[in-house]
Each structure stands twice: as C-alpha cells, then as structure tokens.
2 protein chains.
Amino acid sequence: MGVIDERISGLVELGQQLRVDAIRASARAGSGHPTSSMSAADLMAGLLAGHLHYDFEHPHRAGNDRLVFSKGHASPLLYAMYRAVGAIDDDHLMTYRRLGSDLEGHPTPRLPWVDVATGSLGQGLPVGVGMALGARLGGSPARVWVLCGDGELAEGSMWEAFAAAADLGLGNLCVIVDVNRLGQTGPTRYEWDTAAYAARIGAFGWHTVEIDGHDPAEIDRAYAAAEAEDTPTAILARTKKGKGVAAAEDKEGLHGKPLPEPEKAVVELGGVRSARVRVSPPRSTEPRQRGQAMPLVLPSFPIGTMAATRDGFGKALEAVGEAEPDVVVLDGEVADSTRTAGFAKAFPNRFVECYIAEQQLVGAAVGLQTQGWVPYAATFAAFLTRAHDFLRMAAISGSDLRIVGSHAGVSIGRDGPSQMGLEDIAMMRALWRSVVLYPCDANQAAHLTATMADLPGISYLRTTREETPVIYREDELFPVGGSKTLLASEHDRLAIVAAGITVSESLQAAEQLMQDGVPVRVIDAYSVKPLDAAAMRQAAADTGRILTVEDHRPVGGLGDAVLDAVAGKVPDVRFAKLAVHGMPGSAGPTEQLAAAGIDADAIVLAAQRLIA
Amino acid sequence: MGVIDERISGLVELGQQLRVDAIRASARAGSGHPTSSMSAADLMAGLLAGHLHYDFEHPHRAGNDRLVFSKGHASPLLYAMYRAVGAIDDDHLMTYRRLGSDLEGHPTPRLPWVDVATGSLGQGLPVGVGMALGARLGGSPARVWVLCGDGELAEGSMWEAFAAAADLGLGNLCVIVDVNRLGQTGPTRYEWDTAAYAARIGAFGWHTVEIDGHDPAEIDRAYAAAEAEDTPTAILARTKKGKGVAAAEDKEGLHGKPLPEPEKAVVELGGVRSARVRVSPPRSTEPRQRGQAMPLVLPSFPIGTMAATRDGFGKALEAVGEAEPDVVVLDGEVADSTRTAGFAKAFPNRFVECYIAEQQLVGAAVGLQTQGWVPYAATFAAFLTRAHDFLRMAAISGSDLRIVGSHAGVSIGRDGPSQMGLEDIAMMRALWRSVVLYPCDANQAAHLTATMADLPGISYLRTTREETPVIYREDELFPVGGSKTLLASEHDRLAIVAAGITVSESLQAAEQLMQDGVPVRVIDAYSVKPLDAAAMRQAAADTGRILTVEDHRPVGGLGDAVLDAVAGKVPDVRFAKLAVHGMPGSAGPTEQLAAAGIDADAIVLAAQRLIA
C-alpha cells in the first residue's frame with residue numbers, strides 16, 4: 001500500500017471506531033442517537049485526522065479551530081471523537097447520559113471542548129457565523145467547522161446564516177451537511193437530493209461541494225477545497241443513517257434509539273478499536289488581537305431635562321466602546337431607532353449589521369462571546385421574541401450576552417401593537433440566570449449600559465422610545481439587584497413600584513396624592529431581575545399596600561416579580577397591579593398610557609381604591 | 001389612444017392617486033410610512049385594477065382572493081386602496097393612526113378586509129402559505145397575493161415559506177417583492193440586485209419574474225404570468241422609495257416619516273384624485289368545501305393504568321378529526337413524538353408536514369384559520385419558542401389557534417435541557433387572551449384536546465412525554481377555567497396546587513403527609529390560564545398555606561398564576577413555590593424530578609417547612 005492508501009484505510013478504520021463507540025455509548029445509556037452518529041462518522045474521521053487544528057489541552061486558545069455539532073443529537077459521535085483523541089477515556093465515555101455526567105444527551109459547555117449547547121436544530125450555523133467573525137476580528141487563522149443535519153436546513157435561521165456568512169465573506173467558515181435522508185419521523189423534504197441543497201446554498205453565495213459522505217478521499221478533497229476558498233463552503237455529503245450495520249442502514253423508525261442488537265452491530269463493524277488520533281496543532285498560538293483599553297467616560301444628562309433612555313443607552317454604548325476594546329455591537333437593521341447608530345459610526349469594525357434577522361443577530365452574539373468578545377445585540381423589544389429559542393439555548397450555553405430591546409411598551413405610540421414590546425420582560429425573566437434592567441432616565445440607562453459589559457450570563461436592557469424626565473444625577477450608582485426609593489415618609493400609606501416610563505407617571509401621581517393628603521412611597525425598580533426584594537418587603541411592611549405599574553402585559557413582568565418577592569413574606573399586604581390588559585391600537589404616547597390605564601391618573605385612582 | 005394605452009394611463013393615474021393619498025394620510029397623522037407606500041403604489045394599482053378578485057362587501061367569502069401586506073408599515077397605501085375601491089371614504093382615510101381609528105399604523109383585522117395583523121416583517125408569506133393551502137383544501141379558486149419589502153427577505157421565516165410553498169406546489173400563491181433598495185437605517189443587503197433575489201428564490205423552486213416596478217405594462221404581464229403558473233411565483237420589482245416626489249425619491253433618512261412638504265408633493269404628483277376602481281369579482285361564490293361532521297367519540301383510558309398525556313392528545317386528535325371535518329393538523333417533523341402521527345395516517349389530506357420550521361408551522365396555522373379551518377399545530381414545547389413572534393402577532397390578529405407543546409419539563413429525562421420546555425407556560429400565558437391547559441392524565445388530555453376545537457383565540461395544550469397514572473374517569477368534564485380538588489378535608493393544613501406531571505407527585509406526597517398526620521388538600525390546576533381563582537382563594541382561606549409545584553421555571557408559570565390570584569386577596573396566607581431553578585443535565589425522568597426538587601419527596605419537605 002502507498003502512503004495515500006494507508007491514510008485512507010486509517011480513515012476508514014477511524015470512522016468504524018467512531019461508529020462502534022457511538023453504538024456502545026448509546027447501548028450502555030439505553031438511549032441516544034447512534035444512527036445519526038453513524039451517518040456522519042466518516043465525515044468527522046476525515047476532519048479530525050486531517051483538517052481540524054486544535055489543542056485539546058488548551059481548548060480556549062484563540063488560534064484553535066472550532067467545531068460545532070449543530071446536530072447535537074449526534075453527541076455519541078462527538079464523544080467518540082473525544083475518546084479517539086484521548087481527551088476522555090472509555091470509562092468516561094460509558095457515563096454517557098447518566099446523572100451527573102458531562103456527556104449529556106446533547107452537548108453543552110460543561111465539556112471544555114464544547115463552546116455552545118446544541119440540540120435545538122438550526123442554531124449551530126448562525127452561531128458559527130459569530131465564531132468565524134470573532135476569529136477574523138481577532139486576527140486568528142482559526143477555521144470554524146459546523147456539522148449539520150439535512151433536516152435542520154428547513155429552519156429559517158440556517159438561511160439567515162447562509163446570507164450573513166456570504167455577505168461577511170467568511171472564508172474561514174465551513175458547514176458540513178450530513179445528508180442522511182431520514183429525519184426523526186420520516187424522510188426529509190429533499191431526501192438525498194444534494195443538488196437541491198447545493199443549488200439553494202450556492203445561490204446564497206457559498207461555495208458548495210457535493211460528495212459521497214462515506215468516501216474518505218472525497219471527504220478529504222472537500223475539506224481541502226473549503227480551506228482553499230475565500231468564500232464560506234458548504235459540503236453536501238450524501239450519507240446513510242445507521243451506515244455500516246445492515247439492520248440499521250437507511251432504515252426508518254430507528255431515530256433516537258440504541259441499536260436493537262448492539263453487540264452484533266459492533267462485531268459487524270469489526271469490533272472495538274482504540275486507535276489514537278493525533279490532531280493537528282492550532283495554526284497559531286498567538287492570543288487574540290484587541291485594541292487598547294481606555295478609561296470610561298460616560299455621557300451625562302442634566303437633571304430636569306428630557307431625554308430618551310434609548311439615547312442614554314446609545315451614547316453610553318459609544319463610551320463603553322471607546323473604553324472596552326472587546327465590545328462588539330450587533331444590529332437588526334434598526335440602528336437609528338435603537339440608537340446603536342452612533343457606535344456604528346465610531347467603531348465600524350466592531351459593528352455587525354445583521355439586517356432584519358433576529359435569530360442571526362443573537363446567534364452571532366453567542367458566537368462572538370465564545371471568542372472573548374463582549375457583544376451587545378440590539379433591536380426592538382418586540383422583535384426579540386423572534387430570537388427566543390436562541391436566547392433559551394444561550395442560557396443553556398452559559399453565554400455572556402447583552403441584549404437591548406428598544407421601543408418597549410405602549411408608549412411608543414402610533415405605530416401600534418405589532419411594534420410594542422409587551423411580553424419581553426416575561427420572556428427575559430424566565431431565562432435561566434438572566435438579569436433584566438429597565439431604566440427610567442437617560443443617566444440611569446447610561447450607567448446600566450456600562451454595568452452590563454461586566455455581567456455574566458444574559459443581561460437585558462429595556463429602553464423607551466419617548467423622552468422621559470432626567471431625575472438622577474450623572475454620578476448616581478445603580479447596582480444590579482438594587483432599587484431607588486424616590487419618595488418616602490414615615491406616614492406612607494402605600495408604595496408604588498414602577499420601572500421605566502411608569503416612574504415619572506408614578507411621581508406625578510404621588511404628587512397628586514400628596515396634595516390630597518395621602519403620602520405614598522415611590523420605588524424605581526430598575527433592576528427587575530434580580531429584584532430588590534428587601535426594599536419591596538420593607539415597603540410592604542411599612543405601608544401594607546403595594547401598587548405596581550408597568551408598561552407590559554400583566555403576566556411575567558414587574559408586578560409578578562414584586563408579588564413573588566413579597567407575597568406570604570410580609571403579613572397583611574394588599575396588592576394591585578397596573579399593566580397593559582387590552583389590545584392597543586394607534587394613538588399618541590400619552591393617549592396610549594391613559595388607554596392602557598398605566599398613566600398618572602390611573603395610578604392615583606388605583607391608589608385611592610387600594611387605600612379605601 | 002388605443003384601449004391598451006388607455007388602460008396603462010389609467011394605471012399610472014391610479015398609482016399616483018394611491019401615492020397622493022398615502023402622503024395626505026401620513027401628513028395628517030403626523031407619522032407613518034409614505035415613502036414605503038410610494039414605492040409599491042404602481043404594483044398595487046396594477047393588482048387592484050386588473051388581477052385581484054375580491055368582493056369588498058363580502059370580505060369573508062371563500063372565493064375571494066387574499067391580499068396580505070407583509071410590509072405592514074405601508075399601511076397608508078393599503079388604506080388608499082380601500083378609498084380607491086370605495087370601501088372607505090376620504091374622511092375615514094384621514095383618521096389614519098388616530099386614537100380609536102381602525103386605520104392603525106400597521107394593519108390589523110379590526111378592518112374587515114384585513115385577515116391578519118402585520119408589522120413584524122417576514123410573517124406575511126408564511127401566513128400566505130397557510131391561506132393558499134386553505135384555499136386549495138376548500139376547493140376555492142382564490143389566489144393569495146403577498147406584498148413584501150426587500151429588507152424582510154433577510155428573515156429566515158421567509159425562506160421557510162419559500163421552501164414550504166414550493167414543496168406544497170402552491171400555484172395559487174404570489175409574492176410581490178417591492179425592491180426599493182432602502183431599509184429603515186440604510187441600504188438593504190442586495191439593494192437593487194433583483195437577480196440576487198431571483199436566483200435565491202428560484203433555487204427554492206419558485207417561478208420568478210424581475211420587473212421594473214413602476215412600469216404598468218411589465219407589472220400587468222408579471223401578474224398574468226403568476227396566474228398562469230402551477231408553481232408559486234415571486235415578482236421581484238425594482239422600485240424607488242418615495243417614487244414620484246423628487247425630494248423623497250430614493251433618499252435615505254425618510255423612512256417612517258411624513259414627507260417634509262406634503263402639499264408640494266401632492267402638487268408634484270398631479271393633485272388629489274378620486275378615481276374609483278372596479279375590482280373583479282371573486283372567481284367563485286361557492287362556499288368552502290368541507291367534509292361531513294360526525295359525532296365525537298373520545299378515546300378512554302382505564303383508571304389506574306399508566307398513559308402519557310401526549311397519547312391522550314394524539315388519540316383524541318384522531319377522534320376530533322373524525323368528528324370535525326374542519327380540523328387540520330400541522331407538524332414540525334416530530335409527529336411520532338407529539339403523537340400527531342395517528343391523525344396523519346387517518347387524515348393525510350388534512351395533515352400538513354411543515355418539517356423543522358416552527359415559524360412556518362405557526363404561520364401556516366394562522367393562514368389556515370383565516371379560511372375557516374381549525375388548525376392544531378404541534379411540536380416540542382421547547383421549540384415553540386422559535387415561533388414566539390408569530391404567536392405574538394397571531395394574538396394581535398385575534399387568530400384562533402390550537403398550539404400543542406409536547407416534551408414539557410425536566411421529566412423528559414436523558415435528552416437534556418435543549419429538549420425541555422421550561423419557559424413555555426411563561427411565554428403562552430403572557431400572550432393576549434390566551435388559554436393554557438396542562439393535563440395530568442390521558443383522559444383529561446383527551447377532553448381538553450376536544451375542548452380546544454371550539455375555543456376562540458390562542459389555546460395551548462402542554463403535554464408530557466412520560467406516562468402518568470390515569471386518575472380521572474373517561475366521562476369527567478374539565479371546563480376551561482376550572483380545577484379539580486383531588487383531596488380535601490376540613491382539617492387541611494395546606495393546599496398543594498399542581499398541574500401535569502406534578503399532580504401524581506403531589507398525590508404521593510399527600511399520602512405521605514397524611515401518614516404523618518398532616519392532612520393536605522391537593523388541587524389539579526389543569527387550566528393554568530384562566531386559573532380557577534375561586535378555588536385557589538378558597539383553598540388559601542381554608543388552609544392558610546399554598547404550595548405550588550410545577551415542572552417549569554419559577555417565573556411566569558403555575559406558581560405565579562396562583563400568587564396573582566391569591567396574594568393580597570386572602571389574608572394571612574403563606575406561599576411556597578417549587579419549580580425548576582437549576583440547569584438540568586441528562587438523567588432519567590425520576591432522577592430529573594428529584595434533582596429539580598419537584599418530586600413527591602421535595603413536596604413533602606416543602607410542605608413540612610411551610611407548616612412549621
């Protein structure tokens with residue numbers, strides 16, 4: 001045999017080893033997706049042995065290639081690869097899917113070699129776009145490899161990513177599509193028609209290669225072609241689900257199940273192997289390139305003037321961008337509205353236009369933060385719902401994301417309900433370990449914008465389109481988990497808890513109530529999550545009555561957060577919650593607040609009722 | 001002039017009239033999107049005068065064509081069309097965007113000629129797919145016309161729709177893309193490169209036509225071509241934003257604003273016109289074809305056996321499909337898991353495979369219900385978050401949807417957190433006028449499945465993967481807004497409120513507590529929204545202690561619903577909420593319930609603490 005033949009036969013053997021290990025791990029676990037692993041085994045053997053540049057001992061090295069298993073259910077294959085490179089041993093592999101094991105049903109960053117959790121299909125490529133961009137931004141020669149299933153190409157998010165990657169010219173990105181023809185329930189839409197995929201992806205501006213996904217030589221040539229291209233490359237690999245085991249090969253009804261006779265299958269594949277693969281080292285061991293950090297100089301807004309919190313955010317973002325060279329800003333083609341336009345002008349190299357594609361917006365942010373960048377992703381609060389599943393997965397990944405939603409609430413006015421973020425707090429609060437910040441004035445917005453830069457996990461800033469009175473000095477501090485008691489006396493008969501645009505309405509209402517001889521407390525709960533539970537309980541204990549008011553639906557927002565903090569913890573408290581119950585139409589901002597029953601007049605009325 | 005010339009000059013005039021009216025309405029309102037209306041005016045003139053078949057006096061006729069303004073911000077153009085056909089008068093037009101007017105900033109079904117709310121871009125086409133499918137299913141010769149902007153083609157949901165429409169062979173669907181080159185903030189990704197769009201959409205299997213969107217003859221020919229095609233057609237029309245007014249034409253910085261000098265612009269366009277367009281009548285006045293209704297025979301599960309609620313749902317869905325000929329079921333390529341596979345087999349013509357494309361799944365359901373169909377759309381609860389924005393818009397539309405999320409909660413077991421619906425109740429409860437149902441046994445699931453068929457608005461059924469004990473008789477009734485008190489005595493020291501999989505855990509816990517001499521109440525809150533507030537308050541008043549337990553995040557779920565119903569309304573109540581606080585890994589279902597602290601043992605412990 002010549003050198004090439006030897007290499008090929010080594011790849012064949014490695015593919016069989018990966019299959020055998022995927023089968024064994026799933027059999028031991030009693031669940032898992034061996035057949036979906038077997039189809040991609042030769043593809044991954046070729047990548048691992050010939051094209052991946054990676055230091056398994058230093059997984060966070062900037063020069064490392066990235067491998068994303070977008071088809072996360074093929075986790076047994078990924079874990080088999082870890083065994084093949086010596087990152088885990090066989091005992092470890094056999095803990096697959098067991099309580100406490102880091103080898104979960106779908107990969108998560110509990111494993112040091114996994115950058116993002118996968119398992120919700122169609123997310124790996126949008127995230128890969130962010131990784132490839134992050135590598136380029138940091139001057140890294142690393143390449144990003146994304147393994148996808150064919151079924152997940154039905155997800156629109158994939159096409160957002162195809163468009164974005166071509167537009168950004170990400171020649172360092174390669175998607176490997178394991179076209180095994182069978183989805184979970186039955187055949188995929190295009191089955192083995194790799195030409196159908198190639199035509200579509202090619203039309204989106206990608207280089208495409210169609211191959212037999214079980215032919216090591218073809219696989220090798222495809223990777224080499226991807227490495228040589230300046231445009232992103234899609235490898236459409238025709239494969240067989242369950243490849244190599246007659247009882248499973250290209251058979252329906254075997255998705256997500258251990259093979260019926262695993263021992264027999266292992267024998268059919270030539271038995272257990274323990275070949276050790278030497279993976280190529282990273283193309284560079286240089287750290288990420290980044291700019292020079294500078295002192296932070298936040299903008300300031302004079303007390304008593306009017307300014308929109310979105311402007312406070314926008315100006316602060318420029319300041320943070322100046323101070324923090326790792327900050328990258330992503331936009332959903334609404335930079336003028338969200339006020340990221342200033343950052344875009346000041347730092348065009350660290351501004352990513354994602355166009356009207358909110359899944360890609362959040363996916364790119366997730367990818368960027370795996371490369372050490374500090375992303376802020378902004379669009380209308382309403383349209384963040386588009387990226388809900390990406391946010392959910394980002395929480396599982398433990399990603400550090402800064403999400404900004406502008407145009408929150410009915411107060412946007414005449415554009416009507418389609419543009420109003422009214423469920424965004426509910427969505428963001430429900431995310432694991434999220435932080436929800438909702439400023440009422442521009443100085444507060446500026447401080448919170450800066451604070452977010454250093455927060456772990458997903459933090460959310462909710463901004464307002466309309467101008468609101470500046471009530472805080474520029475040097476006031478706003479810790480996460482805090483609140484500001486704006487009005488208080490010993491005789492308060494009620495505490496009004498507000499945030500954002502309802503703070504000034506509450507202050508107006510308090511003035512009116514005071515004139516009627518009813519002293520009330522007013523609390524600005526700018527940190528909606530974590531909430532300042534101590535301040536809420538104290539207010540409840542002191543006054544016995546809590547009135548919450550928010551420009552949001554009555555479910556899942558500020559009112560519910562306060563109830564959760566206070567109910568049952570302080571005796572004899574009465575509650576009332578003002579929120580947006582009806583379906584708004586078009587009207588001016590003050591008309592909207594009145595119609596929704598969350599303006600000063602409505603607060604006065606509700607306060608009087610609660611006290612009566 | 002010949003007849004053709006006359007016709008063309010009439011179309012030119014109509015285009016100008018629509019522009020003038022869009023400008024006038026926006027100027028009067030002081031806001032709006034006249035420039036985005038002006039680019040598409042000639043396209044809509046040609047459609048209205050030559051190709052739309054519609055009876056404005058009977059908008060709900062099955063034979064009517066449908067027109068969806070996916071670029072909903074061009075609402076002034078739509079309303080100008082209504083004036084041109086005599087559906088509204090000029091005074092009505094001038095109420096645009098005012099408080100109380102049905103001419104909102106973005107169109108909603110408050111207007112009888114609007115089927116769905118738009119304004120969140122990229123939704124019109126997925127909904128149009130549902131409409132076109134609904135028309136075909138009902139034997140209607142109606143055509144569906146969708147007007148899109150170029151910017152919204154960046155949304156992945158558009159590509160889910162392009163794929164679905166071609167796959168379904170919807171020759172009755174035509175998308176008209178107003179390629180005006182300018183987005184909100186700046187140029188779109190492909191600007192005027194209609195060939196770039198045509199290549200992409202063509203690769204997805206559509207017939208494409210590239211035209212000058214201001215040439216009435218080209219426009220006319222394009223519509224005629226669309227009508228002649230068996231495949232869906234995309235018309236890529238090169239247009240100018242602000243067309244016809246020199247100060248606005250193809251200018252940046254004028255998105256979403258009235259023209260600076262509207263009177264001058266009207267003069268430049270030739271002044272106010274009041275031409276009246278005669279629209280072609282529907283191609284048929286026949287009512288929708290539908291099958292024969294039959295008596296409903298629900299499945300039954302014997303008390304004491306084990307059965308999964310997803311199976312209760314799946315079997316009931318078949319029964320409902322048999323009884324109700326209008327029921328259509330949509331799947332996100334997980335029919336075997338959600339258990340819609342039985343329906344698919346029994347009624348293949350009323351089953352729509354949307355593949356792994358949840359936005360299209362919900363969009364198609366929205367479109368179908370505008371045509372009188374009764375859609376049930378099912379996928380994993382976790383993946384419904386993908387369609388959050390579609391659900392939000394469906395609520396604004398007042399759509400009647402039945403959404404089913406399977407694999408809810410940690411109890412799915414080893415697949416891990418990516419597959420677990422843990423935020424779905426929060427998402428669904430926050431939607432306007434939604435109903436959230438969460439059965440604990442298969443008979444209850446079957447009844448609730450049938451109940452949903454007749455519910456208005458968005459109703460959500462949350463099902464469980466694992467088998468749970470059947471505790472209800474097959475003839476038990478479960479009204480929306482009700483609950484079942486499963487255990488109660490005069491001496492109850494605590495009430496446990498549960499739903500779904502935690503009901504049986506609560507019953508086990510109650511047994512243990514009873515053995516320890518602590519009688520407790522157990523309530524099955526299967527109707528999470530609307531909640532049986534009276535029962536909750538009664539339980540709180542009787543026992544003074546409420547313990548909620550749910551397989552969901554602590555935010556926005558059952559616990560919060562109960563707090564909202566009880567806190568402050570009943571004096572001296574103590575609360576405790578058991579929910580999924582941590583991030584689950586892989587483990588068996590019972591291990592997961594234990595790890596999350598929501599199993600019988602955890603309930604006993606929490607109850608003891610609450611009583612202590």
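Predicted model: local features only at pLDDT ≥ 70, side-chain atom pairs only at ≥ 80, totals over all residues.
How many cavities of 30 Å³ or more does the count come to? The count comes to 16.

The relation between the chains comes first. Chain B is superposed on chain A by a rotation of 180 degrees, with 0.0 Å of shift along the axis and an RMSD of 0.0 Å. The two copies are thus related as by a two-fold rotation axis. Within chain B, the C-alpha nearest that axis belongs to B:G156, at 1.8 Å from it. Both copies use the same surface, since 100% of the contact residues of chain B recur in chain A.

Next comes a sheet in chain B. Strands of a sheet pair through backbone hydrogen bonds, either parallel or antiparallel. Here 5 strands form an open sheet with mixed pairing, and their order is β14-β16-β15-β18-β19. At the edges stand β14 (484-487) and β19 (574-578) of chain B; each has a single partner strand, so one side of each is left without a neighbour in the sheet. On average, neighbouring strands of this sheet are turned by 20 degrees against each other, direction ignored.

One pair in chain B can be followed in detail. Strand β15 (residues 495-498) and strand β16 (residues 521-524) run parallel and are joined by 4 bridges. B:V497 has B:I523 in β16(B) as its bridge partner. Helix α21 (residues 600-611) of chain B packs on the sheet, where it touches β15, β18 (545-549) and β19 of chain B. The direction of α21 makes about 160 degrees with that of β18(B).

The cavities remain. Rolling a probe the size of a water molecule over the atoms shows where empty space is left. The largest cavity has a volume of about 140 Å³. Its lining consists of 15 residues, and B:G151, B:L153, B:A154, B:R189 and B:Y190 lie nearest its centre. By class, this lining of the largest cavity has 9 nonpolar, 2 polar and 4 charged residues.

The second largest cavity holds about 110 Å³ of space. Of the 15 residues that line it, those closest to its centre are A:L153, A:A154, A:R189, A:Y190 and A:Y197. Which helices each supply at least two residues of the lining of the second largest cavity? They are α7 (194-203) of chain A and α6 (156-168) of chain B. The largest share of this lining, 3 residues, comes from α6(B). By class, the lining of the second largest cavity has 9 nonpolar, 2 polar and 4 charged residues.

How values were computed: Residues numbered from 1 in each chain as written. Chains lettered and ligands numbered in written order. Heavy atoms only, no water. Pairing = 2+ DSSP bridges. Axes fitted to C-alpha atoms, helices over the stretch in contact; angles between N-to-C directions. Contact = heavy atoms within 4.5 Å. Least-squares fit on C-alpha atoms with pLDDT ≥ 70 in both. 1 Å grid on protein atoms, 1.4 Å probe; cavity = no way out; pocket = protein on both sides within 12 Å on 5 of 7 lines; lining within 4 Å. Points joined across faces, edges and corners; volume = space filled by probe spheres on them. Nonpolar A, V, L, I, M, F, W, Y, C, P; charged D, E, K, R; others polar.
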